[in-house]
Structure formats: C-alpha cells, structure tokens
Amino acid sequence: MDWLAWLSLAGVCALGAMSPGPSLLVVVRNAANGFAHGAACAIAHGLGIGCYALLTALGLGLILTGSPLLFGGLQWAGALFLVYLGWKSIRAPAPEPGQPPATEPAVPAQSVASAAAQGFGIALFNPKVALFFAALFSQFVGLGQATVTKLAMAGLAAGIDMLWYLLVSAALFFGRRKGIRPGRWSHRLQQLFGVLLIALAARLLWQI
Ligand SMILES: NC(=[NH2+])NCCC[C@H](N)C(=O)O
C-alpha cells in the first residue's frame, strides 16, 4: 500500500468514527457520568474496533487467496455499499437552526468497568461497523499482502476510533462546564465523509 492509500484509509476511518450512530450514542451516554467513564468506554470501544478490523482484514485476505472471483464480487459489493453510505451522508438533513441538539440522558450511574464493557460491546454489535469494515477493507486488501500490513490497517482503525471518542469524552466534559455544544460542523464533516466514500469506490472503477 502506498502512502496515498494509507492516507485515504486513515481519512475514511476518521470520518467513519465521527459519523453519528449507535457507538457515538453509547460513548456520549457514558461520558455523561464523568470523564473516566467516557474515556474507559472510548478505549474499550477502540479495542473492539481493532479486533473487528483485524478479523475482517485477515478474513478478506483468506477469501482473496482461496477464491479471487468471490473476492472480486465482494470488492464490488463493498464499493456499491460505500457509494450508498456516501450518498446517505451527503443527503443527511442539516440540523434545524436554533434547535438545541438532542441531549442524551446518562446511563444510570454505574462502574467505570461497566462503561468499558458497553464500549467494547457496542463495537462488536454495532451492525454499521461490520459492514463498514468489510466494505472499506475490501478496497485495500491485496494479493501477497503481508500480515503485518493487515495488522497495521486494524491498528490504524482502532487508534483513530479510540482517539476520536476520547476527544468526544473530553469535549463533553469540558464543554459542559463552558456550555459549548457541537454545532453545524458535524453536519459538514458528515458530508465530507460522503464525498470521500464515493471517491474511494470510484477508485475501483479506475483500476480496471
Ligand atoms: N470507524 C468506524 N466506523 N467506527 C465505528 C463507529 C461508527 C459510528 N460513528 C457510530 O457511532 O456508530
């Protein structure tokens, strides 16, 4: 993989982590119990993402060596799914001006360990994550690719997710004190995510 491929992988992972969904909800709800809860949830979520991403990269590698034809089919299905995700992100409705962002009730006060368990659990059971990594990695796994490359891909995805949700927890903790709220920028980021996903899928067409 060249540096451009690594860069686009990192960009899509970052925007994937930033897009709203069940994982964000779980981190936000746990962060409402305090920074330690949010951080534990974020770190465990990142670890869950790492396990998932590694299994997906290794699995795709096995499929590619066993049946290149099946892999080709998966790669196309993955590209179509990325276009679909991208389109949905671009078309996502903007928040109404002046409307306060939905505030999530905190989960009932519980231990930091239980916050971590929730983070790990949602990474494994969030259906968006499974499809996302299968589609994304099918665009980057190649024949004869070293296992360490796949490990690095999974590590990159896990690290980015972890960092993002740690930032979210910190922003919620400090922002709540200062009364800062996430604004329109999250909508713009989501649209940028959409464009990047479609560009990535288009790369497959280019390679033929
Ligand atoms: N890189 C990823 N797709 N990470 C998983 C998080 C997905 C999404 N942000 C959610 O909250 O559900």
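The notes below take the ligand and then the aromatic rings.

This is a predicted model, in which local features need pLDDT of at least 70 and side-chain atom pairs count only at pLDDT 80 or more, whereas totals for chains, interfaces and linings use all residues. Residues are numbered from 1 along each chain as its sequence is written, and side-chain values use heavy atoms, with hydrogens and water left out.

**Ligand surroundings**

- Around the ligand there are 14 residues (a heavy atom within 4 Å), of which Ser 19, Leu 24, Asn 126, Asp 161 and Tyr 165 come nearest.
- A nitrogen atom of the ligand lies 2.9 Å from an N or O atom in the side chain of Asp 161, and a ligand nitrogen is also 3.0 Å from a backbone N or O atom of Ala 17.
- Taken alone, the ligand exposes 340 Å², and the protein buries 98% of that area (Shrake-Rupley method, 1.4 Å probe).

**Aromatic rings**

- The whole structure holds 4 aromatic pairs (ring centres of Phe, Tyr or the six-membered ring of Trp within 6.5 Å; planes under 30 degrees apart are stacked, over 60 edge-to-face, the rest tilted).
- Phe 35 and Phe 173 form a tilted pair, with 6.1 Å between centres and 45 degrees between planes.
- Phe 132 and Phe 133 are both buried (under 20% relative accessible area; exposed is over 50%, partly exposed in between, with a 1.4 Å probe and protein chains only).
- Ring pairs join Phe 132, Phe 133 and Phe 137 into a cluster.

Definitions and conventions
Polar contact = N/O pair within 3.5 Å; in protein donor to acceptor, adjacent residues only side chain to side chain.
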